[in-house]
Amino acid sequence: MDTTKRFQHLEVDEFLTSLDFLPIGMSIVDTHLQLRYCNTAFIELLDFPENLIIPGMSMEALFRYNAQRGDYGPGDADEQVQSRMALSAKFEPHQFTRTRGDGRILQIIGRVMYDQAGQPIGFVSLYEDITKEKIYEQKLEKQHQELSLAYEDLKQTQLALLQAEKMATVGHLAAGIAHEINNPIGFVISGENALEGYLNDLLSLVAHYEQLETHYPEQSRQLMQSNKDQVELALIREDAPALLKEIRHGLTRVKEIVGQLKVFAFDQPNQTAAADLREVADRALAIAVHGFGQQISIHKDYAEIPLIQCSAGELAQVFLALFSNAGQAISGAGQISIRIAQQEQSVRCDISDTGSGIKTEHLAHIFDPFFTTKAVGSGTGMGLAVAYNSIKQQGGKIEVKSTPGLGSCFSIFLPLS
Ligand SMILES: Nc1ncnc2c1ncn2[C@@H]1O[C@H](COP(=O)(O)OP(=O)(O)OP(=O)(O)O)[C@@H](O)[C@H]1O
Ligand SMILES: [Mg+2]
């Protein structure tokens, strides 16, 4: 590269003077690691006494001066000098920052100089005071961290709000349904009871009359028989009690479901009461089983546990989310196991399934709001997010272990007190 053209209107003196007005320090060192040139900013920024800097002096002397005044931090001065000499002798481009004893931060950039033949002839280094920039950068970094924290907080608050809203909606809906069904079902059940009594009375009355039939003339007996055949009395006798039994069974089931809905309806979020976790799990299970496939078997292993102070409504929601996920993870035959026991100062509940398992790369995200692997429209991805928050709000924790292809196990820990 022919640089002479660019210098043809500039005297060397002029050039060197201009370098002394630069706010950036500059030094040139030759291959013997001797200082060939430095400008004023170099001496000022590095805070060297004027009389120390003599052109031709060795870098070793400069390094030693720095090491002795503690510029390189604590440590053995000889070692600090030697390691810097070794680094310099490599003749490699370098760039680093150094915080000086007085707190100022310098950025040092060095580049190797080559002659026409491509042989290194030394290096030129620039020294810039970047203290202000660094302080600004640190301030920005701090502000960024504060913002991130505030954002995280906001996200958690939003999640909590969403959860509260979801719980309130479920609660409202459940309360409405429970209320609407509760009254008519009461009438139907008492009506069914009365009807059963009436029917029994009627059937025994008919039996009574039948006994008297023997005293009737033959013609009347035949007429009675044809009437009985017409209404299929034998069939009524046989079928009516079975029908009533089925109706009673159905009504009991509806009554049970209404009872279960009340769990969601009356326990408002954050309202706690002493509850038996096994009962809460059972209520949620009774609802969840309706969504399970035919070939899913349920295995329960409940130990004796103390009552815990909790929001049964929220926990039922958590169990429901876990049971639903377990059921959805099993295609065809499989098993869902629920184990509840006391573990130290907590009640532990494991819900495991023999389903698809969770891919390792998904494990870190399953509790994220809106994370779902289900088809669009079939999963909101809020089940576990809400569950996680609920458990956390109640002072507990939820963990998961999963082996893809074999199944998953979600463990809930809730504190006894
Ligand atoms: N027992 C499980 N087995 C396999 N994967 C599971 C299981 N539980 C959760 N997952 C995975 O975690 C994801 C998130 O679950 P989450 O309950 O939060 O949302 P979802 O079930 O997809 O949707 P939603 O519950 O709102 O209907 C699921 O999409 C699924 O990939
Ligand atoms: Mg789910």
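Trainee: In which sense do E10 and strand E12 pair, and over how many bridges?
Mentor: Bearing in mind that this is a predicted model, E10 and strand E12, which covers residues 407–415, pair in the antiparallel sense over 8 bridges.
Trainee: And which residue in E12 is the bridge partner of Ser352?
Mentor: The bridge partner of Ser352 in E12 is Cys409.
Trainee: What about strand E9, how does that pair with E10?
Mentor: Strand E9, residues 334–343, pairs with strand E10, residues 346–353, in the antiparallel sense over 8 bridges, and there Ile336 has Asp353 of E10 as its bridge partner.
Trainee: How many residues sit between the strands in the hairpin of E9 and E10?
Mentor: There are 2 residues between the strands of that hairpin, and Glu344 takes a positive phi near 50° in it.
Trainee: Switching to the core, how many residues does the largest nonpolar one have?
Mentor: The largest nonpolar core has 37 residues, and those with the most contacts inside it are Ala281, Ala284, Phe319, Leu322, Phe323 and Ala387. Helix H9 (277–288), strand E8 (308–310), H10, E9, E10, H12 and E12 each supply at least two residues of this core, while H10 gives the most, with 10 residues.
Trainee: Which residues does Ala387 touch, leaving aside its neighbours within four places in sequence?
Mentor: On that basis, Ala387 is in contact with Val318, Ala321, Leu322 and Ile398.
Trainee: OK, now ligand 1. Which residues come nearest to it?
Mentor: Of the 23 residues around ligand 1, the ones that come nearest are Ala329, Thr372, Gly379, Gly383 and Leu384. Helix H10 (312–329) and helix H12 (383–393) each supply at least two residues of the shell, and H10 gives the most to it, with 4 residues.
Trainee: How does that shell divide by class?
Mentor: The shell around ligand 1 has 9 nonpolar, 12 polar and 2 charged residues.

Notes: Residues numbered from 1 in each chain as written. Chains lettered and ligands numbered in written order. Predicted model: local features only at pLDDT ≥ 70, side-chain atom pairs only at ≥ 80, totals over all residues. Near = placed C-beta within 6 Å. Nonpolar A, V, L, I, M, F, W, Y, C, P; charged D, E, K, R; others polar. Pairing = 2+ DSSP bridges. Core = buried A, V, L, I, M, F, W, Y, C linked by C-beta atoms within 7 Å. Buried ≥ 20, exposed ≤ 12 C-beta atoms within 10 Å, placed from the backbone. Contact = placed C-beta atoms within 7 Å.
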